[in-house]
Amino acid sequence: PEAPEDLRFEAEVTRILDIVVNALYSEKEIFLRELISNASDACDRLRYQALTEPHLTEGDADFRVELEIDKAARTLTVRDNGIGMNRDDLIANLGTIARSGTGEFLKRLSGDSKADISLIGQFGVGFYSAFMVAGRIEVLTRKAGEDQAWQWASQGDGRFTVGPAGKPARGTEITLHLKEGEDEFLEAQRLRHIVKTYSDHIAIPVVLKAAAEPPREGEDAPTDETLNTASALWTRPKSEITEEQYKEFYHHVAHGFDDPWHTLHLKAEGAIEYTALLFVPGTKPFDLFQPERKPHVKLYVNRVFITDDCEGLLPPYLRFMRGVVDSPDLPLNISREMLQNNPVLAKIRTGLVGRILSDLKKRAEDKEAYATFWAAFGAVLKEGLYEDFAKRDEILDLCRFRTTNGSGLASLAEVAGRLKEGQKAIYYLTGDDPEALMQSPQIEGFKAKGIEVLLLTDPIDEFWVSSVGTYKEHPIKSVAQAGKDLSEIKGEAADEAEEKAEEAPEDKIAGLIGVMKTALGEAVKEVRASERLRESPVCLSSDMDGMSLHLQRLLKAHNA
Ligand code: ADP
Ligand code: MG
């Protein structure tokens, strides 16, 4: 047979492996959850492909994951009969980190091992985590529908080999040569416990193969043993699912290592049936602001995995959601393209959006917990303000803002409840940094009168404020658009007196403006007297109906 090729890991993999191997988790056993999770994904993918190419699973349609212990050789093997990998797959999947957000992740690695470990915890290293316990890993695999099998091997030292190999059945077999001191993973009892803890929700059986050695006297002959419940978690009744099980399922579907911030498990019955098990992640994923705005909820039809990037399932402004949706009312042989305009899917989407928003509303009652959610996903949710007209008011009520009133977050309802006498509009100021905005001369007049101003610092804010326009009967206005409003609002008493005393005669102001106009010439469109200033003599302001200064800066930064 051909000799295997010697290849190098992508530099990123080597860096991550270094951290993984040297310092990683206190819970080393999570490597097994990663390998079982991959095996289950591989079976899901083949089951989908076999919908249109049934010959791929002929003769072996019962998907499963097998664990095999060899005490003499000190190896643990994780085997699946899933889709398998060919040479190119092996190099692409087990030589690089293709996951979106890798670049961002690496940039954040600080070199301080404590901080890095918690960061890796969030990012997840999947397959590579097996190098925590193994000094050498061999992957023997054959892709469904192909004749040639391949072996990948590495000691986790920056290099790996790939070469042709023999394997009669499709699927993947991963053999871990355990490091010194890791013998606990050769104990059936230990594996039983790990699988129960982390992988019970896996929908296919995880089977511990019977020990190869003959039974001792008086013992029964060993038999294969299924370690997990082996039914899809979302199909089980809520009352039978523990918090821990939900959490582990989240780790599996979301490839996330944090805890979910919110869990939503619902069964819709009626005209259209579906089950959804959805999560709001506890931390912000790295790829939230990629231009594709991809959804991450997996679609199943009658427990058969269809796709994990179904565009129509949730709107882009809910793309932070993770989890699964399963419906028997979609055709099994539906192609990913056909899903785009499917009316059943549209109804499921409407139902899900309604439930998610109403759950968020409930969770918003706990201000502190909601602030965590808002910090991570508020900027995404606000996209719904101009993308989902039907839900605009509901989303607006879920929005929270920094304001000139203090450091906490306020809802529009709260701000509207604090309007001053004579104040009709809700005012905002946009910029990059709330602290800097607090000092802006643009709001001196507002602060002096005690008028609350929203401090908007997400790039998206410029877009929704202009499209939303009003909250209840209150116009939402930029402070620059306040015009003569300020004089109509009754501020705090002290300020009223001051205002009277400082009023300058009209003709003097007109003269001063004339001088300034001549001096500035083309550089400005207009020079105006303003009620907005208190301490500062002048400030730059945008045209009443032109683009705001902040938006102009944003567009400039993006070369628009
Ligand atoms: P992730 O699962 O998050 O994609 P992993 O590091 O766990 O990351 O796995 C990397 C990739 O390797 C997977 O996306 C998959 O394409 C491939 N892979 C891993 N294990 C298997 C397996 N048992 N069968 C087929 N492909 C696999
Ligand atoms: Mg994985």
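Modeller: Two strands pair if DSSP finds at least two bridges between them. The model discussed here is a predicted one.

Biologist: Strand 19 and strand 20 form a hairpin; which residue in the turn has a positive phi?
Modeller: Two bridges join strand 19 to strand 20, residues 474-478, and the two strands run antiparallel. Within that pairing, T470 stands opposite P475 in strand 20. Two residues lie between the strands of this hairpin, and the one in the turn with a positive phi, about 50°, is K472.

Biologist: Which strand is joined to strand 20 by three bridges?
Modeller: The bridge partner of I426 in strand 20 is I476. These three bridges belong to a parallel pairing, and the strand they join to strand 20 is strand 17.

Biologist: In what order do the six strands of the open sheet lie?
Modeller: The pairing in this sheet is mixed. Its antiparallel part includes strands 19 and 20, and its parallel part includes strands 17 and 20. The order across the open sheet is 16-15-18-17-20-19.

Biologist: At about what angle does helix 15 run to strand 17?
Modeller: Helix 15 covers residues 461-468 and lies across strand 17 (426-430), strand 18 (453-456) and strand 20. Its angle to strand 17 is about 155°.

Biologist: How many residues of helix 18 are buried?
Modeller: Helix 18 runs over residues 506-520, and its 15 residues should span 21 Å at 1.5 Å a residue, which agrees with end C-alpha atoms 21 Å apart. After helix 18 comes G521, with a positive phi near 55°. To count as buried, a residue needs 20 or more other C-beta atoms within 10 Å of its own. Helix 18 lies largely in the open, because the number of its residues that are buried is zero.

Biologist: What share of the residues in the protein chain is buried?
Modeller: The chain has 19 helices and 20 strands. Among its contacts between residues at least 6 apart in sequence, 72% join residues at least 24 apart. Of the 560 residues in the protein chain, the buried share is 34%.

Biologist: Which helix gives the most residues to the shell around ligand 1?
Modeller: Of the 15 residues around ligand 1, those that come nearest are N38, A42, N93, G126 and F127. The shell divides into six nonpolar, six polar and three charged residues. The helix that gives the most, four residues, covers residues 30-52 and is helix 2.

Terms used. Residues numbered from 1 in each chain as written. Chains lettered and ligands numbered in written order. Predicted model: local features only at pLDDT ≥ 70, side-chain atom pairs only at ≥ 80, totals over all residues. Contact = placed C-beta atoms within 7 Å. Axes fitted to C-alpha atoms, helices over the stretch in contact; angles between N-to-C directions. Expected span 1.5 Å × (residues − 1). Buried ≥ 20, exposed ≤ 12 C-beta atoms within 10 Å, placed from the backbone. Near = placed C-beta within 6 Å. Nonpolar A, V, L, I, M, F, W, Y, C, P; charged D, E, K, R; others polar.
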